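Have the sequence and the 3D view open side by side.

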Amino acid sequence: MAMSMCSTQAWNILHHFPLKSPNHPVSLPFYKTHSDFSPLSTIPHLNNNSTPTHLSFKASSSSSSSSSSSFSEYTEETATKEKFQRSLSLPGCSTSLSLLGTGYREKVFAIIGVKVYAAGLYVNPSILSTLSTWKGQSASEIQENSALFSSIFQAPLEKSLQIVLVRDIDGKTFWDALDDAISPRIKTAIPVDESALSIFRSIFQGRSLKKGTLIFLTWLNPSKMLVCVSSDGIPSSVDARIESENVTSALFDVFFGDAPVSPSLKNSAANGLATILK
């Protein structure tokens, strides 16, 4: 991912991400989309009266694997080689969340793709009981159906996005890029939205985010979200609470709306859902 062809200033202005020496190869074309896993265990038959009690995934043949029991607890995002736990307990969540899909965020400059972070979507397994309407749909049908992802967002059950940075990023730069994606999705910001954005911004301002930093964006319900940042594994505490449905829904749309910033993540989640909802 050599970036000597362009200046640091141009990169910062156009892409909000500083030039650092990356440790991962350049990825072309601009976005690669791939699904990283399939169900490990059979999910109970879904109908309007059933509630699945467990959701579990395993790496597909496209991911490198190991026979060790410790590796079997993880799924590897193939483009970045970052590993994601298949089941996760997070602060503020009522139960363990299960991994539904993984992907990566890539910025492109002068035809060079630079990976910024890997991401994984976790959900409360009980969310599946709300999705029987889409039973039997293909991954492409699910991916193109905004109503399904809207249903996941509207469910009053936890879902969390884990972000793993694969390069050093200044906190302000990270927030500016995120804010550039969130703000246009809020048609008319009201005081509660401005307050929520201010709290969100304060988490990252003046903070150096090193490669390997974990950021968890956890939706408790449509109007409440927890933010956790950790440079030392899974966090044990919450950095901030965001209470604004306009902000939380805009953020969900950034990743799972019609124009997601990580197409590979949405595609992987759609593949996971299609397999479960067969």
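At what angle do helix α5 and α6 pack, and how far apart are their axes?

## Two helices that cross

Helix α5 (residues 191–204) packs against α6 at an angle of about 60°, and their axes are 8 Å apart. Here an axis is a line fitted to C-alpha atoms, for helices over the stretch in contact, and angles run from 0 to 180 degrees between N-to-C directions. That makes α5 oblique to α6, since angles under 35 degrees count as roughly parallel, over 145 as roughly antiparallel, 65 to 115 as roughly perpendicular and the rest as oblique. Where they meet, Asp193, Ala196, Leu197 and Phe200 in α5 touch Asn246, Val247 and Leu251 in α6; contact means heavy atoms within 4.5 Å.

A word on the ground rules: this is a predicted model, local features need pLDDT of at least 70, side-chain atom pairs count only at pLDDT 80 or more, and totals for chains, interfaces and linings use all residues. Residues are numbered from 1 along each chain as its sequence is written, and side-chain values use heavy atoms, with hydrogens and water left out.

## The whole chain

The chain holds seven helices and 13 strands. These are DSSP runs numbered from the N terminus: H or I over at least four residues for helices, E over at least two for strands. Of the 278 residues, 53% are buried, where buried means under 20% relative accessible area, exposed over 50%, and partly exposed in between (1.4 Å probe, protein chains only). Take the contacts between residues at least 6 apart in sequence: 68% of them join residues at least 24 apart.

## The cores

The largest nonpolar core has 56 residues, and among those with the most contacts inside it are Ile163, Phe174 and Phe200. Helix α6 (residues 245–256) gives the most to this core, with seven residues. Another core lies apart from it, with 12 residues, including Cys93 and Cys228. A nonpolar core is a set of buried Ala, Val, Leu, Ile, Met, Phe, Trp, Tyr and Cys residues joined through side-chain atoms within 4.5 Å.

Phe200 is worth a click: leaving aside neighbours within four places in sequence, its contacts include Trp175, Leu217, Met225 and Ile242.

## Strands, inside and out

Strand β7 (residues 112–123) has 12 of its 12 residues buried, so it is largely enclosed by the rest of the structure. β7 pairs with strand β8 (residues 159–165) in the antiparallel sense over seven bridges; two strands pair if DSSP finds at least two bridges between them. Val123 stands opposite Lys159 in β8.

In helix α3 (residues 146–154), the buried residues are Leu148, Phe149, Ser151, Ile152 and Phe153. Their cover includes α2 (139–144), β8, β11 (214–221), α6 and α7 (263–276).

Pro260 sits in the loop between α6 and α7. At 18% relative accessibility, Pro260 counts as buried. Leaving aside neighbours within four places in sequence, Pro260 is in contact with Val254, Phe255 and Lys266.
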